[in-house]
Amino acid sequence: MSESEEGRLLARAQRGDMLAFESLVQMHQQRVYSHCYRMLNNSAEAEDLASETFLRAFQHLSSLRAEPSIVFWLLRVANNLGVSMLRKRSTRPEVELEGLREQASDIATPEEQTIELARRDTVRKCLRQLAPQDRTAVLMFYLEERPLEEIARVLGCGMAGAKSRVHRARHKLRELVMADLGEDVFLPTAKEGEG
Amino acid sequence: MNTDERELRDPALVTLLRESYRDDPALDPAPGRTERIMRAVMATAPRRQAHPFWASLAWGFGAAAMAILLLGLIIGFGRPGEKIVHRGPDPLIKPEQQKPDFKLPDIDQVANGTQPPRPKQAVIPDLAPKPEEKEPEPWPAPARQEEPVTVPPAPDQQEVVVAAALYEAGAAAYSTGDYESAYQAFQESYDTVPTPDAALSTGNALIRMAREELASANSDT
């Protein structure tokens, strides 16, 4: 669905058309939910967070702008709410990763399967140790391959700030993974290679 | 991809993260998630007001201004103040009900004994309304019914004598126990003078006749 289509739906939703708002939810819910899930590592909490995000969008419907897209506003709200949830959760034990043990079905042998699962577990655990904003920056840049401009919109900072945050988060993640796995799985970046 | 993004590029990390989140069922599109989100939004979202807040505020101010204006019109707001001037006796008060012109004597004059003579004591008129004695109107006399009195013609002497003789004969038969004869005699006597008035007249005639006979007897003697 094009951005102009999103603009038309937003205009209708702002006039009180709930079907248009539902179409907007349908359009962006998967991305918002994925973002929430990667932040919280819990599907139920992620869905609650996504619902809360769209509720905020409904409450601030009149102030939303379709240029460039409302998804950045949604992701930013989800990110802020997720950070708050993680802060509250810091007093509680970390939520176990869901369904991770049943994955990696395409690995041939049980030994390779175990190694692969341990590797995934380690990477996710290291990601959880990052600050929420750093984790968002790393996941958006490397996993979702979003441009820095979008990351800056979601994090609410400038391009330079987003670049700095991605660089710092990657460096920290690298240290954590190396400490856990005992191997350097990352390639040196162009900047590091030059250095 | 601009220069900054190119500097940060790390395919190994991309692969590592993709592997970490590969086949994660939680990231698959879940059916009904949109509906669940919409239900949560509709259940939690406050009902949108039909009118914005400023409209309610404007209505409130307008109503208050109208109320103040109405109150001002009622109590005469903006009218020049009137001076209360004594204009003499109130025309609505009757002369006999007006307060008598009475002045307190000067206290110095009272003390010195030089006070002027007291005015004549005002006679308080009797303000009580006098009841007017009115004779009650006589009741209307009932309409007299002028019924024609039919006086039966007085029986002549002959009939009276006959009736009396029959009556005497009936009485004699009654005293002897011949009731049938007595009945017939009474009946004939009645038939001779049939009405009560006629019987009364008969009686009166008999008395008159007896008196006349007695008077004539006395005059004879």
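Does Ile75(B) count as buried or exposed, and what is the relative accessibility behind that label — which value applies? At 60% relative accessibility, Ile75(B) counts as exposed, where exposed means over 50% relative accessible area, buried under 20% and partly exposed in between (1.4 Å probe, protein chains only). This residue lies in the loop between α4 (53-74) and α5 (107-112) of chain B; helices here are DSSP runs (H or I, at least four residues; strands are E, at least two), numbered from the N terminus.

The model is predicted, so local features need pLDDT of at least 70 and side-chain atom pairs count only at pLDDT 80 or more, while totals for chains, interfaces and linings use all residues. Residues are numbered from 1 along each chain as its sequence is written, chains are lettered from A and ligands numbered from 1 in the order in which they are written, and side-chain values use heavy atoms, with hydrogens and water left out.

Ile75(B) also belongs to a nonpolar surface patch with Met66(B), Leu69(B), Leu70(B), Leu71(B), Leu73(B) and Ile74(B), and together they have about 810 Å² of accessible area. Such patches gather residues with over 30% relative accessible area and no salt bridge, joining nonpolar side chains (Val, Leu, Ile, Met, Phe, Trp, Tyr) within 5 Å and like charges within 9 Å. Accessible areas come from the Shrake-Rupley method with a 1.4 Å probe, and for residues only the protein chains shown count as cover.

Chain B as a whole has eight helices and zero strands. Of its 221 residues, 16% are buried, and its accessible surface comes to about 19,400 Å², 60% of it on carbon and sulfur atoms.

Turning to the interface, chain A and chain B bury about 4,200 Å² between them, with 62% on carbon and sulfur atoms; buried area is the accessible area (1.4 Å probe) lost when two parts are put together, summed over both. Chain A gives 52 residues to the contact and chain B gives 40 residues, contact meaning heavy atoms within 4.5 Å. Four salt bridges are found across this interface, a salt bridge being a side-chain nitrogen of Lys or Arg within 4 Å of a carboxyl oxygen of Asp or Glu. Glu47(A) and Arg36(B) also meet through their side chains in a salt bridge, at 2.3 Å from N to O.

Residues up to four places away in sequence aside, Leu17(B) touches Val123(A), Leu127(A), Val138(A), Leu139(A), Tyr142(A) and Leu143(A).
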